[in-house]
Amino acid sequence: MFRGMLTFIAWCLLSAAAVTPAHSTDFVINGSFDADIGGWVPPHPIDGITEWDSFDVDESLYSGSLRFTNITPHAFSALTTQCLPITPGNVFSAGSMIFIPTGQASTGFAYLDIRWKEYADCSGNGLDNAATTVAFPEDNWQSKAVSAVTAPAGAQGVRVRLIVYKSSAGGEFLTFFDDVFLNDHGIFADGFESGNTDRWTVAIPESTLGSDYE
Ligand SMILES: [Ca+2]
């Protein structure tokens, strides 16, 4: 009887293991901007200004968002980034809530992308298989994500980049980011939600200001 119960319990555990989705871990540091914007490499001061703002995606009194203003003198991008170590071959999803107020004097859009890097500190060569998700002005928070992206062999790091693009010279263009995440789903590609998997195919001029942004 006792042995039978053990066998049954073992069977239950094995069954549970077979159907339980792969463990998912959020790697982003300070993606919810509870009290500040620490953990993110600020944009070049010529291109943009990042500040903490109390405008939280969930209207929480205990959290805020990243207020990102593109101030480049030209039609150009401004970037704030974070480098994280990852395991090659694992499957990732990444995303952000994005709010781009309409009616701004300047036009533009915002996007999140991830770039695989050769080393854990994001030095070395950039590798293939980067993914991008784009948001255009809309007076509400938009959920934008890329999913089921496999880190290529040889990638030890990933750079998560929040980018605000202003498509006209002069002026400013404002975007808020909140709940930024990068999840590692392990080596299993099945069983997690599908997000916006749009891949960016249009060339966008970007600042070439150094390795913290590439
Ligand atoms: Ca928040």
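This report describes the strands, the core and a few single residues of one predicted model.

## Basis of the model

The structure is a predicted model, in which local features need pLDDT of at least 70, side-chain atom pairs count only at pLDDT 80 or more, and totals for chains, interfaces and linings use all residues. Residues are numbered from 1 along each chain as its sequence is written.

## Overall make-up

Helices (H or I, at least four residues) and strands (E, at least two) are DSSP runs, numbered from the N terminus. Along the sequence the pattern reads α-β-β-β-β-β-β-β-β-β-β.

Of the 214 residues in the chain, 38% are buried. A residue counts as buried if 20 or more other C-beta atoms lie within 10 Å of its own, as exposed if 12 or fewer do, and as partly exposed in between; the C-beta atoms are placed from the backbone. Two residues are in contact if their C-beta atoms, placed in that way, lie within 7 Å. Among contacts with a separation of 6 or more, 78% are between residues 24 or more positions apart.

## The open sheet

Strands of a sheet pair through backbone hydrogen bonds, either parallel or antiparallel. In this model, two strands are taken as paired if DSSP finds at least two bridges between them. Four strands form an open sheet in the order β4-β9-β6-β7, with antiparallel pairing. The edges are β4 and β7; each has a single partner strand, so one side of each has no neighbour in the sheet. From one strand to the next, the twist averages 15°. Here axes are lines fitted to C-alpha atoms, for helices over the stretch in contact, and angles run from 0 to 180 degrees between N-to-C directions.

What joins β6 to its partners? Ten bridges link β6 to β9 (residues 157-166), and the two run antiparallel. Five bridges link β6 to β7, also in an antiparallel arrangement. I114 stands opposite V160 in β9 and has A131 as its bridge partner in β7. A110 is paired with A135 in β7. Nine of the ten residues of β6 are buried, so this strand is largely enclosed by the rest of the structure.

## Strand β10 and its partners

Strand β10 is mostly covered, with ten of its twelve residues buried. Seven bridges join β10 to β5, and these strands run antiparallel. Five bridges join β10 to β3, again antiparallel. F176 in β10 is the bridge partner of F99, and F176 is also the bridge partner of R67.

A further pairing involves β1 (residues 25-26), which is joined to β10 by two bridges and runs antiparallel to β10. In this pairing D26 has N183 of β10 as its bridge partner.

## The nonpolar core

A nonpolar core is a set of buried Ala, Val, Leu, Ile, Met, Phe, Trp, Tyr and Cys residues joined through C-beta atoms within 7 Å. The largest one has 44 residues, and those with the most contacts inside it are A94, A110, I114 and V158. Each of β3, β4, β5, β6, β7, β8 (138-150), β9 and β10 supplies at least two residues of this core. The most comes from β5, with seven residues.

Apart from neighbours within four places in sequence, V158 is in contact with L84, I86, I114, R115, W116, K117, A151 and L182.

## Residues outside the strands

E59 lies in the loop between β2 (48-53) and β3 (65-70). C122 is in the loop between β6 (108-117) and β7 (131-135). E59 is exposed, with 8 other C-beta atoms within 10 Å.

T87 belongs to the loop between β4 (76-85) and β5 (91-100). With 12 C-beta neighbours inside 10 Å, T87 counts as exposed. T87 and A151 are 64 residues apart along the chain, and their C-alpha atoms are separated by 7.3 Å.

E214 is found in the segment after β10 (173-184). E214 is partly exposed, with 18 other C-beta atoms within 10 Å. E214 and R159 are 55 residues apart in sequence, while the C-alpha to C-alpha distance is 7.7 Å.
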